[in-house]
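Biologist: I would like to learn how to read a structure like this one, feature by feature. Could you take me through it?

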Protein chains: 2
Amino acid sequence: MLTEVIDMLTERQLLLLQVIIDDFIDTAHPVGSRALAKKGDIPYSAATIRNEMADLEELGFLEKMHSSSGRIPSEKGYRYYVDHLIKPISNNKYNGIVSKLITEGIFEFEQVVQMSAEILSDLTSYTAIILGPEVFETKLKQLQIVPLTSQTAVAILITNTGHVEHRSISLPEAINASDLEKLVNIINEKLVGLPVVKLQDMFYTEIAQIMKQYLDDYEKSMQYLKAIFATDYPVKVYVSGKSNMLMLPEFNDINKVRSFYSLMDREEEIVNLLKDSTPGIEVTIGNENEIEAIKDFSLITSSLHHGKEQMGTIALLGPKRMEYRKVISLLKGLSNEMTNTLYMWYKNDD
Amino acid sequence: MLTEVIDMLTERQLLLLQVIIDDFIDTAHPVGSRALAKKGDIPYSAATIRNEMADLEELGFLEKMHSSSGRIPSEKGYRYYVDHLIKPISNNKYNGIVSKLITEGIFEFEQVVQMSAEILSDLTSYTAIILGPEVFETKLKQLQIVPLTSQTAVAILITNTGHVEHRSISLPEAINASDLEKLVNIINEKLVGLPVVKLQDMFYTEIAQIMKQYLDDYEKSMQYLKAIFATDYPVKVYVSGKSNMLMLPEFNDINKVRSFYSLMDREEEIVNLLKDSTPGIEVTIGNENEIEAIKDFSLITSSLHHGKEQMGTIALLGPKRMEYRKVISLLKGLSNEMTNTLYMWYKNDD
DNA sequence: AATTAGCACTCAAGGAGTCGGAGTGCTAAC
DNA sequence: GTTAGCACTCCGACTCCTTGAGTGCTAATT
């Protein structure tokens, strides 16, 4: 079946398509037959190239901006390019981003992720987006409550991945220092090792029971204390390199800039965009994207999985005219490495 | 002296200048004499207005974009406007941003600051920048070290303002759980209550002494442990509403967009910009700014002080054509409120 | 049969003219 | 001191033209 598709095109058309797309990715200018012939990559005259181009256009792989412009790749063209023409690229160029970070003494997963995003966007000059790692599977290592004043305190949750979550709470009047200590002990005893996402439920069932015995003013105190686990743990999004995009000729149109940045302000949409990706690299080109605002971008995602559980997503957003070759191999490398790191992380988890 | 300056201009010129600047702030279009006369704000003919405008231009308060355009305010014009024409505005329109946040149960200073920035930018549609609160004066409430694996741990510093700072460290081989506990106890005993900025020094002098007695492999262990206090506590910058700027007609020029966003990417420059402001509201217009990239913006800063110590800065960055009236009263209100809040915070500090 | 050369045609981009509108400065009249 | 009137200026939008890079098609060449 795969060969079928390839057979649709002659050897020469394949070569041509490849060269044209490469050229356009490089320069952002429509590619003309004459210019191509002169470049010397192709041993045919401009006329021949013209004929082939016409065929490729008829087949839907190329298109023109107007009747006498050169050709630019259509989305179908890019799709074909991504699926069939950039296979043989080895990803040996990848040199461990994560391992470098770790040798620099960065152990906290979130931080590793964040810095990876930065490196990724620097390396590609596109916008890097990293989701998660989701808190699914992340387990409570320890809870602490540190009183600040008589009415306020900070609750600190530490997870097995080295993530620290903290929030300020107000303290119930009825509680004193030793009560608080007891309470924290109970909570730790009962909840440590449990997945963070389940903490809220467990607090209501397990802990509430026990607290009834200890706390005088039970009802009221609960009021205050539930705040510790109240917020849903937000999926964290790290976006890096937004202003890289401004350098692209595609962004000479101010309205594109506006719509791009307004998307970037709507964090939830980005999360939705990346939330449900399947394992492996996935390339979505232009209108293949569901969100209006990125219909003339391409998005390349690679999701991190630990077992069946999705732990996060690494993505690069750039123009349709993306350097797919480079980006895909980078992303493959990075997500492999991250998955391994994840694995190691959870192995140490006892 | 002040009256002297005011006396430079006639009553009518004052009125005119005011109306012209108001109009330009509103519409971003150069203001013409005919249009002004028609609006009915001014009981003089277009010709009279023209004459006055010519005088105001000669005095340097107005300028033209080209020989037959309407007038726009010069920087000197804005300066005069800000210094003398918007005084009588009461700031009774301000309705406690911070107090609202606090009643919503937000106690941590950093979070209050961050959300204030968001509200501020929403309210003004300019870019809000908040610096700090600086960690000067912030004191250590508690230090904790939570081991994750046998080689790694998280160190958590909690300050009296409810700020939580955490970093991942690697553990020295020679240390075991009970050693670690002892160590943490020592550190807490000696360092709690000290200003966070002094911790690093104290660690080397006070703590190092004591540790020599307890730790076998002293030298090596110090290697690892100093990481806890190693990083300088970075001044935190909260920027909100960058994309608001894109809506301004001033930003139809893509190059301005580029230079603006590239400034926003260089956090240190922003910090430098705001670091050394004197108490009170300060307005810097256009070329009065030192940084090239904001020479056609205006920046309004208001610094938070606690006693003599600068605790942070609230700022709004917008076009020279800013709604100074509104912005200044807002900023006054907010910084008053924040200063008071700061004061309360530190009162509770024992 | 495949390739190439040649030619007529198309379109975008950029420069040169034209025109109307909104503004100005100046002078003379009120 | 104020206003009306008039000549003048400049921007921006519009049209017209030219140029260059491209195309499609046909006929000649290999």
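Modeller: We will go through cores, salt bridges, the DNA surface and backbone angles in turn. A word on conventions: this is a predicted model, in which local features need pLDDT of at least 70, side-chain atom pairs count only at pLDDT 80 or more, and totals for chains, interfaces and linings use all residues. Residues are numbered from 1 along each chain as its sequence is written, chains are lettered from A and ligands numbered from 1 in the order in which they are written, and side-chain values use heavy atoms, leaving out hydrogens and water.

Biologist: Which residues have the most contacts inside the largest nonpolar core?

Modeller: A nonpolar core is a set of buried Ala, Val, Leu, Ile, Met, Phe, Trp, Tyr and Cys residues joined through side-chain atoms within 4.5 Å. Buried means under 20% relative accessible area, exposed means over 50%, and partly exposed lies in between (1.4 Å probe, protein chains only). Here the largest core has 56 residues, and Leu17(B), Leu36(B) and Tyr324(B) have the most contacts inside it. At least three of its residues come from each of domain 1 (2–85) and domain 2 (97–134 + 235–347) of chain B; those bounds come from an automatic or database domain assignment. A second, separate core has 54 residues, including Ile97(A) and Phe109(A).

Biologist: What does Leu36(B) touch?

Modeller: Contact means heavy atoms within 4.5 Å. Leaving out residues up to four places away in sequence, Leu36(B) touches Leu16(B), Val19(B), Ile20(B), Val31(B), Ile42(B), Ile49(B) and Met53(B).

Biologist: How many salt bridges are there over all chains?

Modeller: A salt bridge is a side-chain nitrogen of Lys or Arg within 4 Å of a carboxyl oxygen of Asp or Glu. The search of the whole structure finds 26. In one of them, Asp83(A) pairs with Arg79(A), with the closest N and O atoms 3.2 Å apart. These two are about one helical turn apart, because they sit four residues from each other in helix H5 (residues 75–85) of chain A. Helices (H or I, at least four residues) and strands (E, at least two) are DSSP runs, numbered from the N terminus.

Biologist: Which residues are closest to DNA strand C?

Modeller: A residue is near a strand if one of its heavy atoms lies within 4 Å of it. For DNA strand C there are 21 such residues, the closest being Thr48(A), Ser67(A), Ser68(A), Ser33(B) and Arg71(B). A polar side-chain atom of Ser33(B) lies 2.5 Å from a phosphate oxygen, while one in His66(A) lies 3.3 Å from a sugar or linking oxygen. H4(A) gives the largest share of this surface, four residues.

Biologist: What is the phi of Ser125(A)?

Modeller: Most residues other than glycine have a negative phi. Ser125(A) has a positive value, near 55 degrees, and lies in the loop between helix H7 (109–124) and strand S3 (127–131) of chain A. In chain B, phi of Ser125(B) is also positive, near 55 degrees.

How values were computed: A polar contact is a pair of N or O atoms within 3.5 Å; within protein, one must be able to donate a hydrogen and the other to accept it, and residues adjacent in sequence count only if both atoms are side-chain atoms.
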